[in-house]
Amino acid sequence: MKNLRTRRLIIAGALVMIGLLLLQVLAPLQPEKKPTVETEEHSYRPVYHFSVPDKWMNDPQRPLYFDGTFHYYYLYNRDYPKGNGTEWRQATSKDLVHWTDKGVAIPKYTNKNGDIWTGSVVRDSQNTAGFGKNALVAIVTQPPDGRSQEQFLWYSTDGGKTFKQDHEQPVLPNPGVKDFRDPKVIWDTARKKWVLLLAEGAKIGFYESENLKDWRYTSGFTSENIGLIECPDLFQLRAADGTVKWVLGASANGRVSGQPNTYAYWVGNFDGEQFTADQAAPQWLDYGFDWYAAVTFENENPTHRLDSRYAIAWMNNWDYPNATPTMDEDFNGVNSIVRTIHLAKHGQQHSLISKPIGALNERTTATQQPRTIRVNGNKSLGASGTAYQIETDISWTDARNIGLRLRESSNKKRHIDVGILTEDHALYVNRRLTNHPDDKKQSVESRAPISPKAKKIHLKILVDKTSIEVFTGDGRTVLTNEAFPPLTDQGISLYAEGGTAVFSHFKIEQFRPIQ
């Protein structure tokens, strides 16, 4: 019996060894495991911002709301970074926070007219174009010869899932100019016609049509000292006093004259053919470096369409479009959060005010509300993270430089500063001391003016893995910037130089990942 037991033990041991060897051989053949929490924590994929599933994204196209859903298209390059050309990819959302990818709706290079550039899509509820009631009609820029820019019509009869080109001939041929692109189409309710805006260098051209196919030029609006105009926009809003105004907007490069490189806008009047601004100088919807190609779009409530709108932008800059570590994860393209915008009157001037969309608050957790904090020098907080929002009132009497250091490294050498220079009357975001996209180091500190009389300011700051968005209390001033701190840099501290500052009503809320 003893020998038999020994033999059995030897055989069992041999079988165990054989089993272990088989596991080593077969292990590479097992299905790949899903990413763990640790893997997600080492990714630059944003926690609560919309990002392209893969490859490349740039200009947003104005979303439409119908059938209880927002339908959003954006420029996408499936061949990035080795191949060129963009097409329209679609995502849908019910709350403008959670998004579902729907794939490519208008493919590039499907005919001789080339790839698909920026444009706009409308819902033709009156069947003016003849494709059927509620057909979606997109007017987009394409470069038939790779250089000239002309406008072509595409349409969809399946709710925007796929589009066909009506004809291979342009509905708006190029008249012989270099810049002739980014059509924005709206329905002029008062005059029952379609109106189209085009970016034509430093000018915005206005056109009209009854059927989305035959367009007539009506007028032009010329800007000054803000460089090349792109992605024009036109809409109405009603202020709290009941005044209804038209707003003309466009992405522009005002850096040559010391202005932002984001979304410029003018408030004024539109008579169906011509826009007249209340003042020549534009206002700006963002003072950061990375809020470009923005679009505004109607809210979901038909009875309150004039009370507010939404806005979304591409968080990048053509000065450094490819300088992002997300390329190591096979994607490059993130949108700003969606904002709610209103029209408000300040003195004799009407301005747009911005607020983060309210639905974002449903994704926050672990609220921390420290007591009122007096700072003279530097003070580290116990809170940390890579995706959160902070709200605070900051007041001062004699301090010269006051603010928050965000995404701070453990050795305090790396951080992003959001602060106030009281003598310069400026709110700023400085990303110089962390990883940022501008190799030339020219775009490291963005600034926005504040009132010279100010002794107090309310800030709401949204932080994600690759971005900082700063909103002032009244919503007139916003700064949006990319930054790519090491993911281990998660500290938060406060500072006041040259005097004392008080941080009150301080609140930190962490964001849960958007599924």
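Residues are numbered from 1 along each chain as its sequence is written, and side-chain values use heavy atoms, with hydrogens and water left out. Because the model is predicted, local features need pLDDT of at least 70 and side-chain atom pairs count only at pLDDT 80 or more, while totals for chains, interfaces and linings use all residues.

The volume is the space filled by probe spheres set on the points, the probe being 1.4 Å. Ile186, Trp187, Thr189, Glu298 and Arg305 are the closest to the pocket centre among its 30 lining residues. At least two lining residues come from each of β1 (55–66), β5 (119–124), β9 (181–188), β13 (230–238) and β18 (292–298), strands being DSSP runs of E of at least two residues, numbered from the N terminus. Strand β1 gives the largest share, five residues. Sorted by class, the lining holds 17 nonpolar, five polar and eight charged residues; Ala, Val, Leu, Ile, Met, Phe, Trp, Tyr, Cys and Pro count as nonpolar, Asp, Glu, Lys and Arg as charged, and the others, Gly among them, as polar.

Next comes Thr480, a residue of strand β32 (residues 478–482). Thr480 counts as buried because its relative accessibility is 0%, where buried means under 20% relative accessible area, exposed over 50% and partly exposed in between, with a 1.4 Å probe and protein chains only. Its side chain forms a polar contact of 2.7 Å with that of Asp286 (a pair of N or O atoms within 3.5 Å, one able to donate a hydrogen and the other to accept it). Beyond four places in sequence, Thr480 also touches residues including Trp291, Met315 and Arg339, contact meaning heavy atoms within 4.5 Å.

The other two residues have greater accessibility values to report. Gly220, in strand β12 (residues 216–222), is partly exposed at 31%. Outside its four-place sequence neighbourhood, Gly220 is in contact with Lys203, Ile204, Gly205 and Phe206. Glu423 sits in the loop between β27 (416–421) and β28 (426–430) and is exposed, with a relative accessible area of 59%. The C-alpha atoms of Glu423 and Asp233 are 36 Å apart.

Conventions. Helix = DSSP H or I, 4+ residues; strand = E, 2+ residues; numbered from the N terminus. 1 Å grid on protein atoms, 1.4 Å probe; cavity = no way out; pocket = protein on both sides within 12 Å on 5 of 7 lines; lining within 4 Å.
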